[in-house]
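User: I have a model open and want to learn how to read it. Can you take me through it feature by feature?

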Amino acid sequence: MMPLPRTATVPDTTITGSWRPTWSPGRAGPGLPPLIVVHDPHDDYAFMAAALASHTPALGRVTVHPTAVASAPASLAHDLLRSMGKHLPQAGSEDGTYWTGNTETAWRAVAAWVFSLRIGHVIVTRAHRISSRHFEYLFALRELTGIRLTLLCNGPLPPVLAAALTVLPHEAVHGLAAVRRAVGAPASAPLLPVGRFAWWEADGQFPPDEGEPCFLLPVRRAPGRGEIEAAARRLGRAVLPLPAAGRFPPEPDEHTALLAYRLHARIAHPVHAAALAVRIFTGCPDGQLQLPAAHKAPPTRPDRDRERRTPSWAADLIEAAHRFGHLEGRECRARPLRLSPWDQAGVTEAAHTCGMVERHALRSSRYPAARPPGSPRPPAAHRSAGSAPGPNRAA
């Protein structure tokens, strides 16, 4: 995995073992930007409007509006994921969605996306209402990633934050003009890969529309027009063609871009997103998935090597998976991507959420023909493409 380019202000993120979102006063390393605290005791709407307007993911700056009265340890991590355009699975098996309730896993996912998506400035509104535990997680994330962290307190400062300010370098901001400068401050600006995919344009892709076009999971032979039309009749909705597996060009065509936006918006777990992306553009089964380097240099022999490059739309997903593996204490570079049974279930459900259909499953009874108009027979639930669901963990 290529290291994330960083400025001199971003601390070294080398860690030993798995990263846990824990923080203790006085432990922060040097070089971190000062913590910015906007104190708005009168809850002035102009302050909130300035913070919300500063949300610019393309520039590495996101605004997080915490879910009201959500105190679960992972809830703020979920809000951060949504601020980066990632959506949690709406439903599914216990195996496929287990990670959303695991605090450490959720915060590792946040950190992995912060690195891979080049997020350098995080603004948290309503910070006076988040729990002391959430402050600990935020400070741990700041220490790990080197983000500029701005807290908008629309009420009295919480005691835990007031205590933290006695040991953390910080700036107190008052007045609307100063607030606008603080929330609009540029993020740390690492060098961006050439030809980067505009993942931040995936707004409006969630939740999925039941009648939206779907895709056949690519294999080595691209489907013919007759096969696509037959699949569309079988599913009762449009099926869009994709390149054959192993033949995806570096830059996406219109249909591939639509699918890529779904992968970026609908899959919050980095490994699940990367596994599905790799399966799409390589056609390899789950047991043989291997994460390539996230960002490769342009090929020296375009005609021969063009199809071997990681597509631009998959690069950030793959880098996030590498980062997540590192934060879990394992290095997955140049090794097969080993998916646990519950990860396989998560990839399967992610494929379904992104509208991916496996061809052999389409020919089975799991994908019945679309109902004729007025038919009293209820439609069978469509099951997804991707890996077979993992066995129950209790087994």
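Analyst: Start with pairing. Two strands pair if DSSP finds at least two bridges between them. Keep in mind that this model is predicted.

User: How many bridges join strand β1 to β5, and which way do the two run?

Analyst: Strand β1 covers residues 35-39, and four bridges join it to β5. The two strands run parallel.

User: Next, cavities. How many of 30 Å³ or more does the structure hold?

Analyst: A cavity is a space where a 1.4 Å probe fits but cannot get out. The structure holds four of 30 Å³ or more.

User: What lines the second largest cavity?

Analyst: Its lining has 13 residues. Nearest the centre lie P89, R266, I267, G346 and A350. Helix α13 (residues 341-353) gives the largest share of the lining, four residues. By type, the lining divides into five nonpolar, six polar and two charged residues.

User: Now single residues. Why does E328 count as partly exposed?

Analyst: Partly exposed lies between two cut-offs: under 20% relative accessible area is buried, over 50% is exposed. E328 has 28% relative accessibility, so it counts as partly exposed. This residue is found in the loop between α12 (312-327) and α13.

User: Which residues does E328 touch, leaving out those up to four places away in sequence?

Analyst: E328 touches S18 and R108. Check S18 against the sequence: E328 and S18 are 310 residues apart along the chain, yet their C-alpha atoms are separated by 4.4 Å.

User: And A163: where does it lie?

Analyst: A163 lies in helix α6, residues 159-164. With a relative accessible area of 46%, A163 is partly exposed. Compare sequence and space again. A163 and P25 are 138 residues apart along the chain, and their C-alpha atoms are separated by 9.0 Å.

How values were computed
Residues numbered from 1 in each chain as written. Predicted model: local features only at pLDDT ≥ 70, side-chain atom pairs only at ≥ 80, totals over all residues. Heavy atoms only, no water. 1 Å grid on protein atoms, 1.4 Å probe; cavity = no way out; pocket = protein on both sides within 12 Å on 5 of 7 lines; lining within 4 Å. Points joined across faces, edges and corners; volume = space filled by probe spheres on them. Nonpolar A, V, L, I, M, F, W, Y, C, P; charged D, E, K, R; others polar. Buried < 20%, exposed > 50% of the residue type's maximum accessible area, 1.4 Å probe, protein only. Contact = heavy atoms within 4.5 Å.
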